[in-house]
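Hi there,

Here is the structure we talked about passing on to you. My notes on what turned up in it follow just below.

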Amino acid sequence: MKMNAYALSDEEIRIIHNDSLQILEEVGVRIPVEKALELLEAGGAKIDWEKKNVSIPREMVAKALDITPKEFTLGARNPEFDFAMPSSYTAFTLDGAGANVIDYRTGKRREAVLQDVADAARVFEEVELGKVLWSPVVPYDVPGGPCGILNTATSFMNSSKHVQDEVKTLDEVQYVIEIAKAILGSEEEVIKRKIYSATYCTVAPLCHDEEMLEATMELTKYKAPVLILPMPACGSTGPASLYSNIAVANAEALSAITVFQLMTPGTPLIFGAALGIINMRNGIFLEGAMETALQLSAMGQMGKYYGMPTIIAGCLTDAKELGMQADIEKVMTCLPLVLGGVDAVNGAGLIESSMTMSFEQMLIDGEIGLMCNRMSAGIEVSDEKNFFMDIKEVGPGGHFLKRKNTRTAVRSSEFFTPELANRSTYSEWLKLGSPSMFSEAHKKVEKILSGELKNPLSPSTEKVIKEIMEEAKAKLR
Amino acid sequence: MADLYDEMRNSVLEGDEELAIELAEKVLTEKGNAMMAMNEGFLNGIQEAGRLFEEGEYFLPDLIFAADALKSALRVLDSELKKNEGESVKSKKIVLATVQGDIHDIGKTIVGTMMTANGYEVHDLGADVKNEEIIRAVKEIKPEIVGLSALLTTTMEEQKNIITMLEEEGIRNTVKVIVGGAPVNQNWADKIKADGYSDNAISAVKLADELTA
C-alpha cells in the first residue's frame with residue numbers, strides 16, 4: 001500500500017469542520033468589499049455594514065462547497081507540464097514574496113532583483129516535480145506599482161510551466177489577462193487552458209484584504225484558479241492551541257470559498273494553507289516548526305475532506321543559511337504532507353521563513369520532494385512483485401543479481417536514485433572531489449544558467465509581453 | 001505603604017489588569033500620592049517584567065499582559081498625575097503605525113508593548129493608516145519618534161513616501177523615523193533616509209533609546 005500519515009482522525013476532521021462553521025456563524029469574518037457583502041447578503045448572510053462583519057450561515061458554506069470543482073488542470077505554456085489535480089503524486093510549487101537571494105555566484109545574501117525572478121524561473125524549469133511557478137521574490141530594482149506584472153511577465157518569459165502569482169489591485173487583473181492572451185491567442189483559450197492562477201491570502205484572524213479581494217474576485221471572471229492561503233499564527237494572530245488555530249484557518253478558507261463561489265459560481269479554487277506558530281520571544285513566524293508541520297498536514301486533510309485540490313505550504317525552514325537546520329526542517333515539514341497525499345507543496349527554494357531564495361536549495365528541495373514521493377509510494381505487495389520463483393530458483397546461498405526481475409527492477413520505480421545525494425564508496429567520492437549535495441546543486445545551477453533558455457516564447461509573443469511590461473511601468477503606480 | 005507599592009508592582013508584573021485598576025482607584029479615593037504610586041509601584045512592575053523578558057523567563061504574552069495592566073493604572077491616575085506634571089519625569093513619546101495598504105498589525109503592536117514596558121508614551125495609530133493621518137499625528141502629538149511598520153514588499157514604499165511628506169511639511173527634523181517589518185532591512189532604511197531600523201521589538205527599544213539619548 002501507499003505509506004500514509006495523517007494528523008487528524010475522520011472524527012476530528014468533522015469536529016474541526018463544525019468548529020469552523022460555528023466561527024463563521026457566531027463570530028463572522030470582516031470583508032471590506034461592498035460587492036462581496038452585497039453578494040453575501042443576497043445569499044442569506046447577516047451583515048454588520050458598519051463593521052463590515054459577516055456572519056455566514058452553514059447552509060451557504062455547504063452550497064459553495066457543493067459547486068466548487070473537484071478536479072481541474074493547471075495548464076502550462078508547454079502542455080507537457082500541465083498539472084492535473086487531484087494528482088497521484090505530490091508536486092512542488094515555488095513559494096512567493098521573499099525579499100532576498102543568496103547569490104549563487106558569491107554565496108552572499110543580498111536584496112533580490114528582477115533578474116533573480118528570471119533566473120529562478122529557469123532553474124525551476126528543470127525541477128522534475130516543479131509544476132507551479134510563483135515568482136519567489138519581490139525585486140527591489142523595480143517600482144512597487146508594476147512590480148507584480150513585471151514578475152508575472154518575467155516568469156512566463158523564462159519558464160514554460162504554470163505561473164501563479166498574486167493580483168494585488170484591480171488594475172493588475174487586465175494586465176495579467178493580456179499577458180495570458182498574448183501567449184494563448186484568445187480570451188476563450190485563457191479561460192480554458194488556465195496557464196495563470198492567483199494566490200489569495202486571508203488576513204488572520206478572520207479578515208480579508210480589501211484590494212486583494214476585489215482584484216481576485218475580478219480574476220475569477222476568467223475562471224483563473226485561486227489558491228486560498230489562510231495563515232493564522234498560533235498564539236498571536238490565532239488562538240494558542242493547534243486545534244483551534246486550524247479551525248480559524250479553515251473558517252477563513254471557507255469564507256473565501258463562499259465569496260468566490262458567489263462571485264463566479266463553479267470557479268476553480270485550490271485549498272491551501274500557510275498557518276503556523278510564532279517564536280514567543282520575538283514574534284517571528286516559525287515555518288520550520290513541528291507544530292507548523294502538524295497544522296499544515298491537518299489543513300491538507302481538511303482540503304481533501306472538501307474534495308478540493310490541495311496545495312499546502314511545506315518544505316519550509318527558519319534557518320538563515322543553507323545546511324543542516326534548513327534541510328532537517330524542510331524534510332520534516334514536507335514528508336507529512338506528501339504522506340498525506342496533498343497535490344502540491346509550496347515552499348521550495350526559500351529559507352529564512354520564506355524571506356530568502358537560494359537556487360541551490362531549490363534543487364535540493366526538488367530532491368527532498370522526490371525522496372518523500374518515493375516514501376509515499378510505499379511497498380507494493382502484488383502478484384507482479386511477488387518474486388517467489390526467484391527465491392525458489394536461487395535457493396539458500398545464491399544471489400539475485402543474475403535474475404531477469406532484478407535487471408528490470410533496477411530501471412523501475414521500485415528503486416529511486418537521487419541525483420544530488422552521494423552514494424559512492426569513500427574512495428570514489430574522494431576521486432570525484434568530495435562532492436556535497438550543495439556543491440552538486442551549485443554545479444547544476446551554473447550549468448542551467450549558463451546554458452540556453454529552454455522552451456522560449458516566440459519572438460513575436462515576447463515582443464507583445466515586453467510592450468505590456470512597458471505599459472505597466474508607465475501606468476501602474 | 002511599602003506593602004501597597006509591592007501590590008501595585010505585582011499587579012503589573014502578573015498582568016492583573018483588574019487589580020491594577022483597583023489599586024490605582026484606591027490611590028484616588030484615599031487621596032494618596034499618584035506620582036509615588038507610579039514610581040514606587042506600577043513602574044517597578046513593568047521594569048521587572050522587562051528584566052524577566054531579557055532573562056528568558058517572560059514571553060511576549062507576559063509582556064502584553066504587564067503593559068496593559070500598566071496602561072490601565074495610568075489611565076486611572078492620568079488626571080491626577082497631570083496636576084503634578086512639574087515634578088514628573090516626562091516620558092518620551094512615540095507614534096506607531098502600520099502604513100497604508102497594509103493591515104498587518106501584530107509586529108507593530110509588539111513593538112508598542114515593548115516601548116510601553118520601557119517607559120515610552122506610545123500612541124498606536126493602528127494598521128492601514130493613511131499617510132496624511134501619520135503626518136497629522138506627528139504635528140499634533142509632537143513625538144520624539146515615529147515608527148513605521150510594513151509587512152509587505154509592496155507597502156514598504158509608503159515608509160519612503162511618509163519620510164518625503166515629513167520633509168515637504170518641514171517637520172522632518174523634529175522627529176526620528178524608525179522602520180521595521182519582515183521585508184525591511186538596514187539597506188532600505190539607509191536608502192529612504194530613515195533614522196533607524198530594527199528587526200525585532202527588543203532592539204527597537206534600544207534603537208529608540210539611542211536615538212533619543
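The lining of the largest cavity has 5 nonpolar, 4 polar and 3 charged residues (Ala, Val, Leu, Ile, Met, Phe, Trp, Tyr, Cys and Pro count as nonpolar, Asp, Glu, Lys and Arg as charged, and the others, Gly among them, as polar). Please keep in mind that this is a predicted model, where local features need pLDDT of at least 70, side-chain atom pairs count only at pLDDT 80 or more, and totals for chains, interfaces and linings use all residues. Residues are numbered from 1 along each chain as its sequence is written, chains are lettered from A and ligands numbered from 1 in the order in which they are written, and side-chain values use heavy atoms, with hydrogens and water left out.

Back to that cavity (on a 1 Å grid over the protein atoms alone, a set of points where a 1.4 Å probe fits but cannot get out, with lining residues having an atom within 4 Å of a point). It holds about 70 Å³ of space, a volume being the space filled by probe spheres set on the points, which are joined across faces, edges and corners. Its lining includes A:Trp134, A:Cys147, A:Asp165 and, from the other chain letter, B:Thr154. Helix α5 (residues 144-158) of chain A gives the most to this lining, with 3 residues; helices here are DSSP runs of H or I, at least four residues, and strands are runs of E, at least two, numbered from the N terminus.

The second largest cavity has about 60 Å³, and its lining divides into 9 nonpolar, no polar and 2 charged residues. Among them are A:Val176, A:Lys194 and A:Tyr222.

Now the cores (sets of buried Ala, Val, Leu, Ile, Met, Phe, Trp, Tyr and Cys residues joined through side-chain atoms within 4.5 Å; buried means under 20% relative accessible area with a 1.4 Å probe, protein chains only). The largest nonpolar core has 133 residues, and A:Leu213 and A:Phe260 are among those that touch the most other members. Helix α9 (residues 242-263) of chain A gives this core the most, 12 residues. A second, separate core of 46 residues includes B:Leu4 and B:Phe53.

Finally, B:Arg172 sits in the loop between α7 (157-168) and β4 (176-180) of chain B. B:Arg172 is buried, at 14% relative accessible area. A polar atom of its side chain lies 2.9 Å from the backbone oxygen of B:Val175.

Best wishes

Methods. Buried < 20%, exposed > 50% of the residue type's maximum accessible area, 1.4 Å probe, protein only. Polar contact = N/O pair within 3.5 Å; in protein donor to acceptor, adjacent residues only side chain to side chain. 1 Å grid on protein atoms, 1.4 Å probe; cavity = no way out; pocket = protein on both sides within 12 Å on 5 of 7 lines; lining within 4 Å.
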